[in-house]
Amino acid sequence: DRGAACARERSFGSRRPYSVYGRINMLARLFGSVFFLLAVFSVAAVQLTFSSAAGGAFVNLMLVAALFTNVLFRYSWALALALLGGFFLDQFSPYTGFASVPLLAAVLATNALFLRFFTNRSLWTLLLLGGIGTVIALFLSAAIALSFSGFLALLGTQIIIHSVVLTILF
């Protein structure tokens, strides 16, 4: 009986090798994941290197990368970028959650706004959501650190710098 033989073969597992395309797809996903992790850690390393030298007027590269990925690519990638990058940056911050909570909140809020109010992926959408994400991230960072002294001055500088970087990336 041919059907019973096929059922037995499936139940005990077949020894058919993977196809060439299956192996290529598996390798492509593996290299994509490794490249993503290297990109996250390199962005975080560059941000940690230049943020101390620039004082207050620095580019929050992890926030810019997460917002750029959220608007122009995929929400899941932006969420993973915010989680991994925030966790890595938290290792070097004075407060627990100083980087990860603002990053996650900015990605979640901009994704909710993007899905409800914006219909296309344009430069103006990117700049507006980048500004909103910057406001949310800076407000939460100031709330975690409990220092609102230079919040408005830093906010204006950060919005301008992030808008320029987002325009260049677009």
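Helix 4 passes helix 5 in a right-handed crossing. In this predicted model, helix 4 covers residues 75-90 and helix 5 covers residues 100-117. Their axes come within 8 Å of each other and cross at roughly 165°. Angles over 145 degrees count as roughly antiparallel, and helix 4 and helix 5 are therefore roughly antiparallel to each other. On the side of helix 4, the contact is made by Tyr 75, Ala 78, Leu 79, Ala 82, Leu 83, Gly 85, Gly 86, Phe 87 and Asp 90. These residues meet Ser 100, Leu 103, Leu 104, Val 107, Leu 108 and Asn 111 in helix 5. By class, the contact of helix 4 with helix 5 divides into 10 nonpolar residues, four polar and one charged.

The protein as a whole contains seven helices and zero strands, and the pattern along the sequence is α-α-α-α-α-α-α. Of its 170 residues, 30% are buried. Among contacts between residues at least 6 apart in sequence, 66% join residues at least 24 apart.

Helix 4 also packs against helix 3, at an angle of about 170° and with the axes 8 Å apart. Helix 3 and helix 4 are therefore roughly antiparallel to each other. Their crossing is left-handed, whereas that of helix 4 with helix 5 is right-handed. Met 62, Ala 65, Ala 66, Thr 69 and Asn 70 in helix 3 meet Tyr 75, Trp 77, Ala 78, Leu 81, Gly 85 and Leu 89 in helix 4. The contact of helix 3 with helix 4 comprises eight nonpolar, three polar and no charged residues.

Tyr 75 lies in helix 4 and is listed in the contact with helix 3 as well as in the contact with helix 5. Tyr 75 counts as partly exposed, at 28% relative accessibility. Leaving aside neighbours within four places in sequence, Tyr 75 is in contact with Asn 70, Val 107, Leu 108 and Asn 111. Tyr 75 and Val 107 are 32 residues apart along the chain, and their C-alpha atoms are separated by 8.1 Å.

Helix 3, residues 61-72, packs against helix 6 at an angle of about 135°, with the axes 10 Å apart. That angle makes helix 3 oblique to helix 6. The crossing of helix 3 with helix 6 is right-handed. In helix 3, the residues in contact are Leu 63, Leu 67, Phe 68, Val 71 and Leu 72. Their partners in helix 6 are Thr 125, Leu 126, Leu 129, Gly 130, Gly 133, Thr 134 and Ala 137.

Helix 6, residues 123-145, has 23 residues. From its first C-alpha to its last it reaches 32 Å, close to the 33 Å expected at 1.5 Å a residue. An α-helix has 3.6 residues a turn, so residues three or four places apart point the same way. The buried residues of helix 6 are Thr 125, Leu 126, Leu 127, Leu 129, Gly 130, Gly 131, Gly 133, Thr 134, Ala 137, Leu 138, Ser 141 and Ala 142. Of these, Thr 134 has a relative accessible area of 1%. Leaving aside neighbours within four places in sequence, Thr 134 is in contact with Leu 63, Leu 67, Leu 155, Gln 158, Ile 159 and His 162.

Definitions and conventions:
Residues numbered from 1 in each chain as written. Predicted model: local features only at pLDDT ≥ 70, side-chain atom pairs only at ≥ 80, totals over all residues. Heavy atoms only, no water. Helix = DSSP H or I, 4+ residues; strand = E, 2+ residues; numbered from the N terminus. Expected span 1.5 Å × (residues − 1). Buried < 20%, exposed > 50% of the residue type's maximum accessible area, 1.4 Å probe, protein only. Axes fitted to C-alpha atoms, helices over the stretch in contact; angles between N-to-C directions. Parallel < 35°, antiparallel > 145°, perpendicular 65-115°, else oblique. Left-handed = near helix turned anticlockwise from the far one by under 90°. Contact = heavy atoms within 4.5 Å. Nonpolar A, V, L, I, M, F, W, Y, C, P; charged D, E, K, R; others polar.
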